[in-house]
Amino acid sequence: MLPVFDTMLCLGLLWLGWGIVASTTLFRGVVLFMVFGLLMAVTWVRLSAPDVALAEAVIGAGIAGALLLGACKAMLSDPGTPAEQGGPEPAALPRLPAAALSLLVGAALAWLMVTVRGGGPVPEAVAIALPTHFLHNPVSVILLDLRGYDTLMETVVLLLAFLGARAMMRHSELDPLFTPVATHRHYTMPLITLLTPILLLLALHILWTGGNAPGGAFQAGALLAALGVMYQLTGHLRPSRESGPGVRALLVCGLLVFSLFACLGLTWGDAPLTYPRGAGYVSALVVEIALMLSIGTTLTLLFAAHPGLKPDLRQ
Amino acid sequence: MTPIVFPVTAALLFAIGLYGVLTRARLIQRLLAVNLMASAIFLFLIVTSTGGPHGPDPVPQAMVLTGIVVALSTMAYALVLIRHLRVLTRAETLESIVDD
Amino acid sequence: MDEVLIGIATFLLANLVLGFLRLRRGPAPADRLLALLLFGTISVAIVLLLAHAQGVAALSTVALLITVLAAIAAIAFTQMPESIRGNPRT
Amino acid sequence: MTILDWIALALLLGGAGFFFAGTIGLLRFPDTLCRLHAMTKADNVGLGLLCLGLALHERTLSGTLTLAFVWVFALAASTLSAFLIAGWAEARSDTGEGS
């Protein structure tokens, strides 16, 4: 039965991929992309990658969809000049050569990917480190310890993306998206009241169990960002042109704590980014909490596309 | 051993995404196609991580996790750039700016 | 029993693929969003079935996350401007 | 296979049947509001039966709690979504004909 499932899943993914690329209108492409995210989450579950599945469920099914629908809304609210409307989209490249090139690349990649697919042993350094490590989730071990540099650089990339967006926003007069319609509050208030504690609890749960079971700072941070997105969509948080000291502190705390910790590694070990003996779990937890707060804040503000947020208490 | 359909799908998805990037002129749709290519690479990385004799290899999984978050932040930034470009030039493709 | 769970998951996946037709046909934007909602529920069911078939409890959390965030799409969609229908870019 | 397993199996199959009904409704019904009606009801019953069946199959406390939460949140989310989409579609009398 499993081969049938796999084949259908893959055909579904390909069909959706083609739909996204060939969609005539933006909205259609965006909805297809959101469905694609859902199906990707199912794929990660099928391939037994629970950490990735958690992240995809939050990002692919939640935040990315809201972001793209926001972009859709921006395009629709500003329909452009009459000459632009309705005109067929010019093709960037002639279709035939592009298709031939893509097919060629696809065939080469297929050959390559089938040859190197899976089944190799776990790398030696990982296999040695895993059994005695103070964290029991292999993916967390890689992210926080063995390849901590990657995670550090990733927080830098996140911060850079936000700073870039902020620099653009300070010099343009874009209206904030998502000024909610007043009547929707009767519908959305109960959900927000229900979901706020649940999402916070889930984020903490994912963070807390992240050391020993699938989960961790990324997923928890993305979940916090999803909560922030929900607050913006329902009008409880409004974008503002100023960012207060609290927001700024939250934005940089992940990078700051992680870098500080990397430097301190030199005092208790021989290399940066090493964990102190005996206190490894606690320090990993501190780093993870800081990362979660930073990731959550950055993604929320990237969704707002504004430097800051202010609460809107009119009910 | 992971079934052979998954790597083949990854390769084909990459090809579809590439075709989209090459032929679509509207920037947001090009962005969607780029994200499709990223998903194809993630799929391939996860496929290489599974099916080993000693359980899944966590290194590619960690890389994909990092990649997903980076892809999301890049997409958010690109959307801000596209909106900005549109406000400044009223264009939704790059070519129309070059032509002017 | 695991084989049965996978079988039901396959059946649900077939449902999902069938639903693609509505996604393709539309006609109104609301219909496409409806299809998205349907896919959300079906994906949750498939994830739950796979989680139990593979015996990984953590995978149930994935289903929980998808359901908790399912409303975001609808809330974001209803804030679309009215012009969505006649506009060629929809 | 104990008797509980058989009950679980029946519940699972029933859930799959409701999902199928929801999909057929989505495909066959003539306008947006009908389709909304078909899928929000049938699918949530289907998910409920499925969760019940899995809980009977699993028989652990944490697993059952997770399944219960999944169903409750699915109900809440689909109630809200159905109201919002119906309101949106009706305000624009956008019920399915035309392009």
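Modeller: Here is the predicted model. Across the interface of chain B and chain A there are five residue pairs in polar contact, both residues being at pLDDT 80 or more.

Biologist: And how many salt bridges between chain B and chain A?

Modeller: Zero salt bridges between chain B and chain A.

Biologist: Which three residues of chain B supply more of its buried area than any other three?

Modeller: B:Tyr19, B:Leu65 and B:Arg83, which supply 10% of the area that chain B buries against chain A.

Biologist: Back up a step. What is chain B built from?

Modeller: Four helices and zero strands, so the order from the N terminus is simply α-α-α-α. Chain B has 100 residues, and 66% of them are buried. Among its contacts with a separation of 6 or more, 55% are between residues 24 or more positions apart.

Biologist: And chain C, what elements does it have?

Modeller: Chain C has four helices and zero strands, running α-α-α-α from the N terminus on. It has 90 residues, of which 76% are buried. Residues 24 or more positions apart account for 54% of the contacts with a separation of 6 or more in chain C.

Biologist: What is the confidence like in chain C?

Modeller: The mean pLDDT of chain C is 82, and 89% of its residues reach 70 or more.

Biologist: New topic, aromatics. How many aromatic pairs are there over all chains?

Modeller: Nine aromatic pairs. One is A:Trp15 with C:Phe20, whose ring centres are 5.1 Å apart and whose planes are at 10 degrees.

Biologist: Why does that pair count as stacked?

Modeller: Because the angle of 10 degrees falls under the 30 degrees used for stacking. The pair also joins two chains, because A:Trp15 lies in helix α1 (residues 2-22) of chain A and C:Phe20 in helix α1 (residues 2-25) of chain C.

Biologist: Are those two residues buried or exposed?

Modeller: A:Trp15 is partly exposed, at 32% relative accessibility. C:Phe20 is buried, with a relative accessible area of 2%.

Biologist: What about A:Phe33 and A:Phe36?

Modeller: They form a stacked aromatic pair, 6.3 Å centre to centre with 25 degrees between the planes. A:Phe33 and A:Phe36 are three residues apart in helix α2 (residues 26-46) of chain A, about one turn of the helix. Both A:Phe33 and A:Phe36 are buried.

Biologist: Last one. Which residues form an aromatic cluster with A:Trp15?

Modeller: C:Phe20 and C:Phe39 form one aromatic cluster with A:Trp15.

Methods
Residues numbered from 1 in each chain as written. Chains lettered and ligands numbered in written order. Predicted model: local features only at pLDDT ≥ 70, side-chain atom pairs only at ≥ 80, totals over all residues. Heavy atoms only, no water. Phe/Tyr/Trp six-rings, centres within 6.5 Å; stacked < 30°, edge-to-face > 60°. Buried < 20%, exposed > 50% of the residue type's maximum accessible area, 1.4 Å probe, protein only. pLDDT = per-residue confidence, 0-100. Buried area = accessible area lost by both parts, 1.4 Å probe. Salt bridge = Lys/Arg side-chain N within 4 Å of Asp/Glu carboxyl O. Polar contact = N/O pair within 3.5 Å; in protein donor to acceptor, adjacent residues only side chain to side chain. Contact = heavy atoms within 4.5 Å.
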